[in-house]
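Welcome! Let us take a friendly walk through this structure, one step at a time.

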Amino acid sequence: MTTHAVKGTTSDQAVPRRPGLDGLRGLAVIAVIAFHEQLSAFPGGFLGVDVFFVLSGYLITDLLAAQWNRHGRLDLRGFWARRARRLLPALAVLLVVVTAATAVIEPAQLAALRSALIAAVTYSSNWWQALAHHSYFAQFGPPPPLQHLWSLAIEEQFYLLWPLLLIGILKTCQSGRIRAALAWLGAALSALAMVLVYVPGADPSRVYYGTDTRAPALFIGSALALTWPLRRMQAMSRDGARVPDAIGLAGIAVLAWAMGHFAGTDRVLYPAGLLIVALAAGGVVLAAASPGLVSWALGGSVLRWIGIRSYGIYLWHWPVIAFGTALAGPRASSAWLWPVETAVTFGLASASWRYIETPIMRNGLGVTVRHWIQLVAAASRRPAAGTRGRAVPVAVAAAAAITVVVACYGIARPPAPDTPSGLLRQVANGERVSSSSQATPSARSAPSPSSAPSAAGRASAQATPTPAACHRGQPRVSGGQVTAVGDSVMLASAAALEAALPGVYIDAKIDRQTPAGLAVIRSLAAAGRLRHIVVFSLGTNGSVSASQLRQLQRAVGPGRELVLVSTFGPQAWEHAVNTALAAAARRGQHTELASWHQAIAARPALLWPDGIHPRPAGARLYARVVVAAIKAGLASQQPSCSPRL
């Protein structure tokens with residue numbers, strides 16, 4: 001993202017660029033785009049950000065340490081000025097364009113965008129999103145176009161604070177080993193903070209956004225720079241680069257496995273998985289910095305081209321995806337949408353690099369702006385019969401002026417009435433229904449295993465069915481028999497569930513994932529409050545594994561009926577979740593599948609624009625699907641009755 005411009009422009013002697021490091025940036029940003037485009041082969045593509053963190057820690061620490069070794073001091077004012085010159089102009093253009101696009105395409109997001117703009121300008125996006133409980137891994141409503149700036153905020157906070165700490169380390173510690181050890185200590189303390197903050201089963205966004213919990217990768221990069229500085233790696237012979245190559249190849253294998261295996265909600269990520277990824281990325285960084293095979297492979301022209309422009313690509317890719325989703329609709333075919341969005345992203349980033357980032361880095365902001373003004377003024381003085389050289393600067397200047405005006409209108413536009421949208425009102429009503437259902441005393445709970453009848457007793461009871469059990473048609477279902485546990489999709493459908501099953505117990509929450517749902521089931525069962533029929537509707541916010549479903553079936557127990565509700569939405573894990581649910585329903589006794597996916601796929605107009613949550617009519621369909629599955633499950637267990645003689 002921001003790591004590829006570390007060359008000094010003052011007294012610092014710039015270290016020549018390493019093509020391998022540029023190529024590594026290219027791979028990292030491709031992984032992030034693949035994750036945000038929800039390509040199923042890259043569920044862990046978000047780990048590309050950790051590669052950037054390691055690169056930032058390595059290159060910035062190497063730059064500062066080299067300056068200290070040459071001059072015996074750090075020019076912090078110059079360092080921060082160069083960081084600002086490198087990062088702020090492209091970010092400012094992005095914020096203006098995104099604000100204007102939001103005013104035109106997604107005006108309903110303008111109120112939230114104002115706060116996001118303040119967070120972006122102050123480089124506090126990560127803390128703003130964490131404190132506002134904006135989930136990184138769960139989608140609720142349209143995607144916020146500035147959500148991705150959280151990682152840039154962490155890097156900027158690192159650029160501000162780490163040089164101050166590094167001065168103290170360099171002054172007080174003459175030993176390179178001790179300096180590196182202190183950086184490793186920082187990584188360990190940050191990993192410990194991750195362990196303390198992370199709550200298994202809960203949404204991990206606080207851990208994911210926090211500077212305190214995401215610093216291990218930055219410190220690992222710093223420790224590597226203090227041990228194996230860039231000049232030392234570059235000076236290696238080809239024979240000497242064999243060891244870094246071996247480590248780098250192993251690191252690439254680990255990164256490829258992690259990006260194809262992990263999901264953001266996996267418990268093993270916090271901190272073990274993220275630490276392993278950071279160490280693997282560190283190995284690849286060292287290999288890419290040396291003159292070996294890995295550096296040669298990563299330094300290819302295509303990857304290097306992408307890597308050099310990785311900051312702009314990262315800046316633009318998420319707003320392009322967010323607005324592309326708004327224009328094309330959440331269920332638009334990704335087969336054609338993601339190539340278009342990627343091409344637009346690369347085009348915008350290329351223009352940013354050529355016309356904004358490079359001129360300002362080379363000449364400064366003031367000189368560059370005066371040059372732009374002179375170009376427009378010269379073009380406007382040319383005769384009307386002039387060539388295209390007149391039209392292009394004037395057209396660009398006009399487009400820029402219109403964009404600024406629209407952005408100013410979007411900011412100054414009076415906020416919409418403080419009335420929640422239809423989806424938010426529906427979910428808020430569902431939360432009230434859910435709370436009310438939990439306050440109502442449980443009508444009936446299934447017997448615990450210890451109080452369940454013996455096998456002989458059950459056989460006897462089934463052999464001599466009672467008249468109540470021997471009725472014609474589908475079995476009757478009472479809400480007092482049903483416990484329903486789910487996420488925001490169930491919340492949006494809670495009122496319809498209550499209407500279809502009066503007295504149903506509903507425990508549903510926004511952003512809930514499978515581990516948290518399992519904990520609810522176990523808690524209710526332990527308290528004797530889990531009813532005879534259990535409806536489990538999770539999978540919107542993260543993966544559901546076969547192992548988790550087996551745990552669920554054990555928690556529900558053999559004396560109850562379990563209904564698994566399939567998921568629907570643009571998430572990359574949708575197919576895998578539904579496959580696991582269907583397999584569990586086929587294999588498990590007393591387990592039925594409620595195919596919400598099949599029902600709503602035929603009627604997508606019953607969903608809100610996010611393509612996930614049902615409108616009121618869709619909620620009624622959801623309730624009918626659940627009730628039908630409950631009845632089917634009970635009917636399959638209903639004893640047959642011999643005709644009376």
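This is a predicted model: local features need pLDDT of at least 70, side-chain atom pairs count only at pLDDT 80 or more; totals for chains, interfaces and linings use all residues.

Let us begin with a sheet. Five strands make up this open sheet, and their order across it is S2-S1-S3-S4-S5, with parallel pairing. At the edges you will find strand S2 (505–508) and strand S5 (591–594), each of which pairs on one side only. Going from one strand to the next, the twist averages 15°. As for what holds such an arrangement together, strands of a sheet pair through backbone hydrogen bonds, either parallel or antiparallel.

Now look at strand S1, which covers residues 482–486 and pairs with S2 in the parallel sense over four bridges. With S3, strand S1 also pairs in the parallel sense, over five bridges. You can follow these pairings residue by residue. Thr483 stands opposite Tyr505 in S2, while its bridge partner in S3 is Val534. Further along, Gly486 has Ala508 of S2 opposite to it.

Is S1 mostly covered or exposed? It is mostly covered, since five of its five residues are buried. In a regular strand the side chains alternate between the two faces of the sheet. Here, Val482, Ala484 and Gly486 point one way from S1, and Thr483 and Val485 point the other way; all of them are buried.

Which helices pack against these strands? Helix H23 (residues 514–526) packs on the sheet and touches S1, S2 and strand S3 (533–537). The direction of H23 makes about 165° with that of S3. Helix H24 (residues 546–556) lies across S3, strand S4 (561–565) and S5. Relative to S4, helix H24 runs at about 150°.

For the last stop, let us turn to another part of the chain. Arg362 sits in helix H16, which spans residues 334–363. Why does Arg362 count as exposed? Its relative accessibility is 63%, and exposed means over 50%. Arg362 and Arg85 are 277 residues apart along the chain, and their C-alpha atoms are separated by 9.8 Å.

Conventions. Residues are numbered from 1 along each chain as its sequence is written. Side-chain values use heavy atoms; hydrogens and water are left out. Two strands pair if DSSP finds at least two bridges between them. Helices (H or I, at least four residues) and strands (E, at least two) are DSSP runs, numbered from the N terminus. Axes are lines fitted to C-alpha atoms, for helices over the stretch in contact, and angles run from 0 to 180 degrees between N-to-C directions. Contact means heavy atoms within 4.5 Å. Buried means under 20% relative accessible area, exposed over 50%, partly exposed in between (1.4 Å probe, protein chains only).
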